[in-house]
Amino acid sequence: MIRSIHMTQPAGHMHPRKLYTSLCECADARERATSGLAFMREACGAEEGFLLLWRGGELVLAASSTGHDAPSAIMARAREQWDWESDTQRDCDATLTIDASKLVSVPETPRWEGAHGERYEPRFLGIYRDSAWVPVGMAVLRISQSGPLQPIRRAYIDAICNAMLDSGDVSAS
């Protein structure tokens with residue numbers, strides 16, 4: 001169970017294979033989603049967050065750190081961002097060629113503002129399997145007042161995605 005690992009060891013020190021194994025050992029999809037979200041929150045330094053998974057052709061709330069539903073404005077922005085990411089991701093990672101001489105800056109991660117001024121940042125969850133892009137979901141993390149979210153290594157995102165796919169929480173098709 002991931003919760004016990006979080007209490008004794010910082011997220012940055014857990015190996016991605018251990019994260020994958022811990023997620024796969026969760027009792028059910030709900031516990032896996034909650035544990036995956038808890039890991040992402042801790043690793044990124046987020047105050048709270050929501051984990052949305054792609055199920056049945058729809059982006060749905062799978063876990064919330066507060067136990068409440070995601071605000072409707074945040075869900076609307078997440079679905080809008082999901083549509084954009086889903087349309088561009090297939091070509092982006094596999095075939096995009098960048099002319100380094102024209103590269104001025106790296107695009108900023110989108111940030112969303114909630115109804116009460118709180119700030120959120122989405123983290124897209126997807127992975128290549130058998131040379132095909134498989135969208136898994138999205139974490140929407142609340143940015144703390146003390147500063148921006150920390151980056152998370154791709155190996156951790158892959159471990160979370162693989163655990164969700166291998167456990168049948170989302171489908172690769």
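Two strands are said to pair if DSSP finds at least two bridges between them. By this rule strand 4 and strand 5 are a pair, joined in the antiparallel sense over ten bridges. The model discussed here is a predicted one.

## Overall arrangement

The protein contains five helices and five strands. Read from the N terminus, the order of these elements is α-α-α-β-β-α-β-β-β-α. The chain has 173 residues, of which 43% are buried. Among contacts between residues at least 6 apart in sequence, 62% join residues that are at least 24 apart.

## The strands

Strand 1 covers residues 49-55, and five of its seven residues are buried, so the rest of the structure largely encloses this strand. Strand 5 is mostly covered as well, with nine of its eleven residues buried.

Strand 1 has pairing partners in both strand 2 and strand 5. With strand 2 (residues 58-64), strand 1 runs antiparallel and is joined by six bridges. With strand 5 (residues 132-142), strand 1 pairs in the antiparallel sense over five bridges. Phe-50 illustrates both pairings: its bridge partner in strand 2 is Ser-64, and its bridge partner in strand 5 is Val-140. Gly-49 stands opposite Leu-141 in strand 5.

| Strands | Bridges | Sense |
|---|---|---|
| Strand 1 and strand 2 | six bridges | antiparallel |
| Strand 1 and strand 5 | five bridges | antiparallel |
| Strand 4 and strand 5 | ten bridges | antiparallel |

Two hairpins deserve attention. Strand 1 and strand 2 form a hairpin with two residues between them, and Gly-56 in the turn has a positive phi of about 60°. The hairpin of strand 4 and strand 5 also has two residues between the strands, and there Asp-130 takes a positive phi near 50°.

Phe-124 lies in strand 4, which spans residues 119-129. Is this residue buried or exposed? Its relative accessibility is 17%, and a residue under 20% counts as buried, so Phe-124 is classed as buried. Across the pairing, Phe-124 stands opposite Met-138 in strand 5. Phe-124 and Val-136 are twelve residues apart in sequence, and their C-alpha atoms are 8.2 Å apart in space.

Phe-124 also belongs to a cluster linked by ring pairs, together with Trp-54, Trp-82, Tyr-128 and Trp-133.

The structure holds six aromatic pairs. In one of them, the rings of Phe-39 and Tyr-156 have centres 5.1 Å apart and planes at 45°, so this pair is tilted. Which parts of the chain does the pair link? Phe-39 is in helix 3 (residues 29-44) and Tyr-156 is in helix 5 (residues 154-166), 117 residues apart, and the pair therefore connects distant parts of the chain. Phe-39 is buried, with a relative accessible area of 0%, and Tyr-156 counts as buried at 5% relative accessibility.

The axes of helix 3 and helix 5 come within 11 Å and cross at roughly 175°. Angles over 145 degrees count as roughly antiparallel, so helix 3 is roughly antiparallel to helix 5. In this contact, Arg-32, Ala-33, Gly-36, Phe-39 and Met-40 in helix 3 meet Tyr-156, Ile-157, Ile-160, Ala-163 and Met-164 in helix 5. By class, the contact comprises eight nonpolar, one polar and one charged residues.

Helix 3 packs against helix 2 (residues 16-24) as well, at an angle of about 150° and with the axes 9 Å apart. That angle makes helix 2 roughly antiparallel to helix 3. Leu-19, Leu-23 and Cys-24 in helix 2 meet Arg-32, Ser-35, Gly-36 and Phe-39 in helix 3. By class, this contact has four nonpolar, two polar and one charged residues.

Arg-32 takes part in the contact of helix 3 with helix 2 and in the contact of helix 3 with helix 5. Although charged by class, Arg-32 is buried, with a relative accessible area of 5%. Leaving aside neighbours within four places in sequence, Arg-32 is in contact with Leu-23, Cys-24, Cys-26, Ala-163, Met-164, Ser-167 and Asp-169.

Methods: Residues are numbered from 1 along each chain as its sequence is written. This is a predicted model: local features need pLDDT of at least 70, side-chain atom pairs count only at pLDDT 80 or more; totals for chains, interfaces and linings use all residues. Side-chain values use heavy atoms; hydrogens and water are left out. Rings of Phe, Tyr and Trp (its six-membered ring) pair if their centres lie within 6.5 Å; planes under 30 degrees apart count as stacked, over 60 as edge-to-face and the rest as tilted. Helices (H or I, at least four residues) and strands (E, at least two) are DSSP runs, numbered from the N terminus. Buried means under 20% relative accessible area, exposed over 50%, partly exposed in between (1.4 Å probe, protein chains only). Axes are lines fitted to C-alpha atoms, for helices over the stretch in contact, and angles run from 0 to 180 degrees between N-to-C directions. Angles under 35 degrees count as roughly parallel, over 145 as roughly antiparallel, 65 to 115 as roughly perpendicular and the rest as oblique. Contact means heavy atoms within 4.5 Å.
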